[in-house]
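This report describes a predicted model. The sequence and structure are shown first, and the account follows.

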Amino acid sequence: MLNKERDIKAIREFLSSDYTSCILDDYGSAGINNLKVILEIIPTIFKFVHLRNFSSVTIFKSDSFNLSERFSNCSNIQNFSHLGSFNSDNLVIQVRSLDEVLVSTSEITVTDIVPTDFVYQYTPLKEQFYTKTTTCELPQVPGTDSCFAISTFKSLEEALYHYKTTVVKCADCLHIKTALHSDERIFFKPHPEYLLRDSMVYFLKARLRGEGLEVRPEQAVDTSHPVDVKVTWGFTNHIALIEIKWLGKSLNSDTQTFTSNYTDSRARDGAKQLAEYLDANAIQVPNHNTMGYLVVFDLRRKSTKEDTTQIDIANGHWYENKEITYNPKYHDVRKDFAPPTRMFITPQCIPNEN
Amino acid sequence: METINPFAIYDTLFVGNKLQRYIGDFNSSEVQLFCYFSCLLSLYEGNPTSFWGYKFIKNDLGVPLSTEVYTALDCLLVNNELEKADNYYKITSEGKSKCEVLSEFGRFENRNKYLEASCESLLALPIGYIRNSINSEPIVRAANNSTVRTLVDEENGAIALLYEQFELLKEAIDTNDSDLFVPAVTWLKYLQLPKDVNQDA
């Protein structure tokens with residue numbers, strides 16, 4: 001049986017800060033119709049606006065508030081590529097239709113608009129919807145500036161590259177942040193492998209597209225071989241097996257001792273292990289077209305001790321461009337082994353002394 | 001010979017047209033996903049399972065699909081109402097025109113709001129999120145723990161769980177608005193709330 005009261009309470013609590021529900025409550029069906037237009041136009045606008053250049057980007061649709069009557073520097077834009085030419089701290093966009101917007105670089109007071117219409121606002125720290133009665137903060141999505149500009153990928157290679165450059169590089173994901181010992185990103189906590197795997201699974205599940213796609217963590221290749229991530233494209237015989245390894249040191253903060261110290265040999269062990277999985281998989285499912293991927297999370301730092309709490313740029317980035325030499329080079333000698341991907345996690349450094 | 005289901009033809013055109021507008025193109029799994037989601041939204045409004053006009057089963061991976069939708073995709077491709085490249089479809093101008101004409105027919109008009117709401121959820125949520133939510137809904141979840149193949153069927157006991165979940169949502173959302181965008185998006189988010197909230201459903 002459902003615990004009805006508990007669940008209704010939980011849903012209502014969640015709805016009290018959810019923008020769709022708050023807009024419906026405050027502006028009714030007209031507000032929802034405007035919301036659909038805003039949500040459809042935002043990804044188009046964000047293709048041309050480099051969000052990080054602005055302190056705020058404010059977007060709204062209103063019949064009561066007219067931007068051109070408030071600000072003389074207002075531009076009417078129908079070709080959205082022109083949005084890229086605005087160079088200012090703030091950008092205010094009034095949506096007229098899916099094909100036409102008014103743009104101003106003036107500062108706007110949100111409270112002037114919300115009595116009649118909701119307002120969406122991006123700032124580098126958060127995205128929010130303002131309504132008559134509520135301010136709804138949107139969840140942060142790893143690897144993207146806005147939860148309305150989430151790119152998807154049709155190829156696993158493309159998805160892994162994006163994951164490496166936008167999520168792993170700056171640890172822009174709760175799972176990876178949790179796996180790290182401190183904000184300086186010098187050491188892992190003990191046993192970070194499950195968090196690293198979950199980070200990748202979460203990303204691939206959300207971003208990868210494909211026929212009958214399924215992304216599953218920890219899948220058995222045979223009775224003794226569990227692979228970290230398995231990606232299956234249903235209705236085809238295509239499978240990807242992803243083996244994850246991490247390099248660097250893990251620190252137990254209670255005992256202030258290193259629990260592991262993995263160097264590049266760990267990555268080579270991973271390559272050997274993946275080659276064995278692929279062999280076992282070929283016996284288990286001989287008719288499948290399987291590709292193996294080795295992903296190495298690299299947190300190696302130079303000259304660190306148990307009591308290191310800060311790191312300079314030279315030592316922090318020492319390994320950033322030091323690729324791992326594999327022997328044998330399975331990716332060269334096997335057709336089912338993709339080139340290994342090393343994902344370097346950059347540290348938060350203090351300036352070098354000299 | 002495979003029979004062509006007119007509802008599946010219409011739904012495929014409608015969903016394909018919307019997916020193309022929102023995400024550029026679409027594959028067969030994505031069409032299946034949104035047809036299934038639309039069917040569930042018709043239950044939200046209290047329609048019987050027979051309302052939808054064709055059935056869904058689970059495949060070997062436990063994912064909902066309809067053979068009628070596959071047949072519709074093939075048929076529309078042969079008629080040049082869809083075109084396909086690298087496993088992704090696009091709707092042609094002929095397909096768009098056909099969709100527009102059919103949408104005014106009485107027999108299809110009454111399913112527009114469900115198809116519309118399911119596809120519009122893509123405005124608020126990424127497609128991967130929607131896929132994960134639908135794979136966690138009560139009927140699919142129950143089917144993955146049993147030998148049941150037919151999903152949306154009065155004889156499937158899990159339907160009762162879905163109706164109960166929808167009753168909760170209706171009570172919590174508490175609106176007279178006939179547009180299903182907010183319930184659709186809320187339900188998808190609800191399905192991914194921490195397990196202690198929806199574990200029983």
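In chain A of the predicted model, seven strands form an open sheet with mixed pairing, and their order is β2-β4-β3-β1-β5-β6-β7. The edge positions are held by β2 (75–77) and β7 (135–137) of chain A; each has a single partner strand, so one side of each is left without a neighbour in the sheet. From one strand to the next, the twist averages 20°.

Within this sheet, strand β3 (residues 90–97) of chain A pairs with strand β4 (residues 100–104) of chain A in the antiparallel sense, over five bridges. Val95(A) has Val101(A), in β4(A), as its bridge partner. Helix α2 (residues 19–48) of chain A lies across β1 (56–60), β3, β5 (119–122), β6 (127–130) and β7 of chain A. Relative to β3(A), this helix runs at about 105°.

The domain assignment divides chain A into domain 1 (4–137) and domain 2 (156–344). Taken over C-alpha atoms, the centres of these two domains of chain A are separated by 39 Å.

In chain B, the axes of helix α2 (residues 28–44) and helix α6 (residues 112–124) come within 8 Å and cross at roughly 125°. Angles from 65 to 115 degrees count as roughly perpendicular and those over 145 as roughly antiparallel, so α2(B) is oblique to α6(B). The crossing in which α2(B) passes α6(B) is right-handed. On the side of α2(B), the residues that meet α6(B) are Phe34(B), Phe37(B), Ser38(B), Leu41(B) and Ser42(B). Their counterparts in α6(B) are Tyr114(B), Leu115(B), Ala117(B), Ser118(B) and Cys119(B). By class, this contact of α2(B) with α6(B) has seven nonpolar, three polar and no charged residues.

The contact between the chains takes 34 residues from chain B and 33 residues from chain A. On the side of chain B that touches chain A, the elements giving two or more residues are α2, α6, α7 (127–134), α9 (158–173), α10 (181–190) and α11 (195–198) of chain B. The largest share of that side, six residues, comes from α9(B). The table gives the classes of the residues on this side.

| Class, side of chain B that touches chain A | Number |
|---|---|
| Nonpolar | 18 residues |
| Polar | 10 residues |

Technical notes. Residues are numbered from 1 along each chain as its sequence is written. Chains are lettered from A and ligands numbered from 1 in the order in which they are written. This is a predicted model: local features need pLDDT of at least 70, side-chain atom pairs count only at pLDDT 80 or more; totals for chains, interfaces and linings use all residues. Axes are lines fitted to C-alpha atoms, for helices over the stretch in contact, and angles run from 0 to 180 degrees between N-to-C directions. Helices (H or I, at least four residues) and strands (E, at least two) are DSSP runs, numbered from the N terminus. Angles under 35 degrees count as roughly parallel, over 145 as roughly antiparallel, 65 to 115 as roughly perpendicular and the rest as oblique. A crossing is left-handed if the near helix is turned anticlockwise from the far one by less than a right angle, and right-handed if clockwise. Two residues are in contact if their C-beta atoms, placed from the backbone, lie within 7 Å. Ala, Val, Leu, Ile, Met, Phe, Trp, Tyr, Cys and Pro count as nonpolar, Asp, Glu, Lys and Arg as charged, and the others, Gly among them, as polar. Two strands pair if DSSP finds at least two bridges between them. Domain bounds come from an automatic or database domain assignment.
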